[in-house]
Amino acid sequence: MPHFSGFLLCVVAVLCAALSSTLLHAEEALAADHRAGDKPAFKSEAGVGFVRTQSVIHGGQMSTSVMPYLIHEQGPFFARIDTFGIKTLKAGYGHVELLGRYRGDGYAVAGLARRDNPVLLGLGTLQITPYGAVEATLLRDAGDSAGFIGQARYITRGALWRLTVYPELGVEFLDSRYTRYYYGTRQQDATAVGRTYLPASATNLFAGLLTSVRITERIAFNAYIRRTWYDDAIEDSPLVRRGSRNSFFLALARAF
C-alpha cells in the first residue's frame with residue numbers, strides 16, 4: 001500500500017478542503033444530528049459505554065473496558081467521547097481546534113516489551129455541512145513513541161423513525177516513529193519472535209458504522225463498529241498476527 005506519498009495526496013488534500021468548506025468525526029454524529037434540528041435540540045449527552053477491541057499482537061487477547069460517554073460544548077471547550085479540546089479560529093463550517101484524543105494502541109503481552117498507550121495532542125478541524133461531514137486531524141504522541149498520526153474521515157447519515165445510522169470511511173497515516181514503537185521489535189521482542197523488524201510509515205484504511213436508537217426523547221442506545229485494514233508495513237511485522245482489527249463500542253446515554 002502507499003506510504004507517505006499516498007498520505008499526502010489524500011489527507012493533505014482533505015485538510016485543505018476542510019479549511020475552506022467540508023469536514024466531520026464519527027463520534028460527533030449525534031451532536032451534529034441534534035444541531036440539524038430533526039431530533040430534540042438537547043445540547044449534551046452523557047452516559048457510560050463499553051469498548052471491546054481485538055488485539056492484532058501475537059499473544060494478545062480481546063479486551064473489554066468501560067468508557068465514559070460524553071458529548072458536550074461549553075463556549076469554545078468541547079468533549080466528544082474520546083476527543084476533547086478548544087475551538088479557535090473559524091474555518092469554513094467549523095473551527096481550527098486544539099485537541100487531545102484517546103487511542104488504545106498500547107499492549108502488555110508475555111514475552112514482549114510493554115507498549116503504553118499514546119498521549120495524542122494536536123490540531124484538527126470538524127466541518128458539518130449539508131453534504132455530510134469530514135474530520136481531519138494531525139496529532140503528535142507526547143508519549144514514548146514521539147510519532148505523528150494524520151487522519152481524515154467522511155461521514156454521512158440516514159434516519160428512519162427512531163433509528164439513525166452514520167456510515168463512515170477514513171484513512172490514517174502513521175509515521176515511522178509511531179509504527180516502530182508499536183510494531184517494530186526491540187531486543188526482548190527479537191528474542192521472542194526470532195528476528196528483528198523496523199517498519200516504515202503506514203497508511204491504514206478504515207470503515208465504520210454508528211447506529212443510534214432513541215429509546216425515549218432523552219435516552220438513546222448507541223452502537224459503533226469499526227474495521228481497520230493495516231498497511232503491509234504493520235501486517236509484515238513478526239509481532240502482528242492479522243492484517244485487520246475490529247472494534248466495538250456500546251453506550252447508553254441521556255440527553256440534557
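A salt bridge is a side-chain nitrogen of Lys or Arg within 4 Å of a carboxyl oxygen of Asp or Glu. By this rule, the predicted model has 13 salt bridges. Three of them are listed here.

| Asp 189 | Arg 115 | 2.8 Å |

**Asp 189 and Arg 115**

The side chains of Asp 189 and Arg 115 meet at 2.8 Å, N to O. Asp 189 belongs to helix H4 (residues 187-193), while Arg 115 sits in the loop between strand S5 (94-101) and strand S6 (120-129), so the pair ties together parts that are 74 residues apart in sequence. Are these residues buried or exposed? Asp 189 is buried, with a relative accessible area of 0%. Arg 115 also counts as buried, at 1% relative accessibility.

**Glu 135 and Arg 153**

Glu 135 is in strand S7 (residues 132-141) and Arg 153 is in strand S8 (residues 148-155), so parts 18 residues apart in sequence are tied together. Both Glu 135 and Arg 153 are buried.

**Glu 168 and Arg 226**

Strand S10 (residues 163-174) holds Glu 168 and strand S12 (residues 219-229) holds Arg 226, so the pair ties together parts that are 58 residues apart in sequence. Glu 168 and Arg 226 are buried.

**A network**

Which residues are linked in a network of salt bridges? They are Arg 101, Glu 135, Arg 153, Glu 168 and Arg 226.

Note on methods:
Residues numbered from 1 in each chain as written. Predicted model: local features only at pLDDT ≥ 70, side-chain atom pairs only at ≥ 80, totals over all residues. Heavy atoms only, no water. Helix = DSSP H or I, 4+ residues; strand = E, 2+ residues; numbered from the N terminus. Buried < 20%, exposed > 50% of the residue type's maximum accessible area, 1.4 Å probe, protein only.
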